[in-house]
Amino acid sequence: MWTGNGDARIHTGLGEDTWYRVRVRFPSGKYFPTTGQWNWLVAWHDDGHTTSFNSSAYSSEIGVYTDYPVISGAVGNNPQLVLRLMGGNTMSPTTKTLSAGSLAYDHWYELLIHFVWHPSQGSVEWYRDGQLVGSTPFPTLYQNPDGTVDHPSFGLYNYRLHDPVHTSEIDFDLTAVGPTRASVGG
């Protein structure tokens, strides 16, 4: 599932207060995270205008971080469910990672993510199975050198960095986006 940059249904506009709810499961024997931090499953992708200024102004994403150093083409150990945040000045992005703890296989995660979208006065709350696992003021949008502000898209993925050896499955169930916690059933 992917909803494009600036699509009003995803509520990523400047100053918007938005809740996202995602149910996801990592089936044992079918989900194999690769080493490193490229096991993305939910992303708020930056628009092409923003990335034209700096290709390293990466998106905010939920995924699985595993062990280091990164070994190409191997299954990772010690997986952690994380929310990586990026935003602020496009030319020198601000980054923060919020961990929801060790990954549990065969468990249906109920994830709630609350964003206030702003390049300097934004904030994020992240809940796993009804429990707050992280809350922080954070620049949730990029401010571009030409004065424009990023318009992220929203999508669900099973993106893993170049691992031709290991196939992998992720199960998604309900996904909802809305202006209040109650509007997404959280």
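## Fold at a glance

Going along the sequence, the protein chain runs β-β-β-α-β-β-β-β-β-β-β-β-β. That comes to one helix and 12 strands, where helices (H or I, at least four residues) and strands (E, at least two) are DSSP runs numbered from the N terminus. This is a predicted model, so local features need pLDDT of at least 70 and side-chain atom pairs count only at pLDDT 80 or more, while totals for chains, interfaces and linings use all residues. Residues are numbered from 1 along each chain as its sequence is written, and side-chain values use heavy atoms, with hydrogens and water left out.

Of the 186 residues in the protein chain, 47% are buried. Here buried means under 20% relative accessible area, exposed means over 50%, and partly exposed is in between (1.4 Å probe, protein chains only). As for contacts (heavy atoms within 4.5 Å), take those in the protein chain with a separation of 6 or more: 66% of them come from residues 24 or more positions apart.

## A hairpin in the middle

Strand β5 (residues 80–89) pairs with strand β6 (residues 94–102) in the antiparallel sense, over seven bridges. Two strands count as paired if DSSP finds at least two bridges between them. The link from β5 to β6 is a hairpin of four residues.

## The nonpolar cores

A nonpolar core is a set of buried Ala, Val, Leu, Ile, Met, Phe, Trp, Tyr and Cys residues joined through side-chain atoms within 4.5 Å. The largest one here has 30 residues, and those with the most contacts inside it are F26, W44, I62, L81, L83, I113 and W126. Two or more residues each come from β2 (17–25), β3 (39–44), β4 (60–65), β5, β6, β7 (109–116), β8 (123–128) and β11 (154–160). The top contributor is β7, with four residues. Another core, of five residues, lies apart from this one and includes W19, Y127, A176 and V184.

Leaving aside neighbours within four places in sequence, F26 is in contact with Y31, L41, V64, L81, L103, Y105, D106, H107, Y109 and I170.

The whole structure has six salt bridges, each defined as a side-chain nitrogen of Lys or Arg within 4 Å of a carboxyl oxygen of Asp or Glu. One joins the side chains of R21 and E110 at 2.2 Å, N to O. R21 sits in strand β2 and E110 in strand β7, so this pair ties together parts that are 89 residues apart in sequence. R21 and E110 are both buried.

Next come D173 and R23, whose side chains meet at 3.1 Å, N to O. This pair also links distant parts of the chain, with D173 in strand β12 (residues 171–178) and R23 in strand β2, 150 residues apart. D173 is partly exposed, at 47% relative accessible area. R21, R23, E110 and D173 are linked in a network of salt bridges.

D171 and R25 form another salt bridge, at 2.5 Å, N to O. Since D171 lies in strand β12 and R25 in strand β2, the pair ties together parts that are 146 residues apart in sequence.

## F172 on β12

F172 is found in strand β12 and is partly exposed, with a relative accessible area of 28%. Not counting residues up to four places away in sequence, F172 touches V22, R23, V24, L41, W108, L156 and Y157. From F172 to Y157 is 15 residues in sequence and 9.5 Å in space, C-alpha to C-alpha.

## Cavity and pocket

Both searches use a 1 Å grid over the protein atoms alone: a cavity is a set of points where a 1.4 Å probe fits but cannot get out, a pocket is an open set with protein on both sides within 12 Å along at least five of seven lines, and lining residues have an atom within 4 Å of a point. Grid points are joined across faces, edges and corners, and a volume is the space filled by probe spheres set on the points.

The structure holds one cavity of 30 Å³ or more. The largest cavity has about 40 Å³ of space, and its lining includes W44, D46, S59, M86, W117 and Y142. The largest pocket has about 160 Å³. Its lining takes 14 residues, with W38, H45, Y58, S59 and E61 nearest its centre, and β3 and β11 each supply at least two residues of that lining.
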